[in-house]
Amino acid sequence: MKNRKNYFTTGEFAKICGVKKQTLFYYDEIGIFRPAITDEHGYRYYSYTQIETFSVLMTLRDLRVPLKEIKAHMEHRSPQALINLLEERRSEIDRMLQQLQWSRKFIDTKIALTEEGLRAPVGEIITEDMPDEYHITTSYKGPDDEKAIAEAVSDHLNFRQELGIPSCYAIGGIIPRYSVSEQGYQYSSFYSVVEKEALEASGYTDIDFDAGGTYLVLYDDHGYRNVCENCRKLLDYAADRNLTLTSDFYEEVILDDLSVDGYYNYLVKLSIRFDG
């Protein structure tokens, strides 16, 4: 056997590389990284020249290249094979970054909505200036019953997911002014607020641009039980003050099961635009 002084034992090599000995045993077992020498007693010895190789392998592992792919690459390595492998990982990392960016956006939006819910003057009609928004909408002409509406909301969600366009907001409903009466109300469509960048990336063009403006707003913390009554309150409020309404009602959930106990305790926001 060559002079052992020029080689590292498994423990020494593991310490230099910052891994456990078991990792080196496993990599030897599956054929990804073998010791330079294995003596007649089964002891493994590693060369200093293998430190750089092992570092590269750990880099690939940190890039989340599966061990199976690392092994296949090492068995058929070449400059072009490395370029192909790294380009594939680069594409995967780009997808991961997009997902992380969306996750961050979702967290920021959820925090903002929850803070809005904490500040909301429940039961009080207020005015609020709202920004421009982009909506994906699906029309609804079904009956006014909970099951049919739930199915329509599910269809809307599936449609948006098929387009590959994420939304940080709960699905909202649009209630035409003319449909509101003492007997009830009717949805005309359901919508998702989406980011302009996400729309441009998807190539989807059949969108609704909702111009910002001044809105009458009424928050209620009894879920959807008082929606009809609250719509009529807003209509009466506008009529008493000769306000010209310029949109239908927008219904959106501000606080849901993540922060309140149960469907019937949701904080629901009703809003309708008017000429200020």
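Contact here means heavy atoms within 4.5 Å. Axes are lines fitted to C-alpha atoms, for helices over the stretch in contact, and angles run from 0 to 180 degrees between N-to-C directions. Helices (H or I, at least four residues) and strands (E, at least two) are DSSP runs, numbered from the N terminus.

A quick note before moving on: this is a predicted model, where local features need pLDDT of at least 70 and side-chain atom pairs count only at pLDDT 80 or more, while totals for chains, interfaces and linings use all residues. Residues are numbered from 1 along each chain as its sequence is written, and side-chain values use heavy atoms, with hydrogens and water left out.

Zoom in on β10 and β11 (residues 267-274), an antiparallel pair joined by 5 bridges. Here Glu-251 stands opposite Leu-270 in β11.

Now show the largest pocket, with about 650 Å³ of space. A pocket is an open set of points on a 1 Å grid over the protein atoms alone, where a 1.4 Å probe fits, with protein on both sides within 12 Å along at least five of seven lines; lining residues have an atom within 4 Å of a point. Of its 29 lining residues, the closest to the centre are Val-153, Tyr-224, Glu-251, Val-253 and Tyr-263. α6 gives the most to the lining, with 4 residues.

Then head for the other sheet: 3 strands, open, antiparallel, in the order β1-β3-β2. Which residue in β3 is the bridge partner of Thr-9? Select Tyr-45 to see that partner.

Last stop: α1 (residues 10-17) and α2 (residues 21-30), which pack at about 105° with their axes 8 Å apart. They are therefore roughly perpendicular (65 to 115 degrees). To see the contact, select Thr-10, Gly-11, Phe-13 and Ala-14 in α1, which meet Lys-21, Leu-24 and Phe-25 in α2.

Key: Angles under 35 degrees count as roughly parallel, over 145 as roughly antiparallel, 65 to 115 as roughly perpendicular and the rest as oblique. Grid points are joined across faces, edges and corners, and a volume is the space filled by probe spheres set on the points. Two strands pair if DSSP finds at least two bridges between them.
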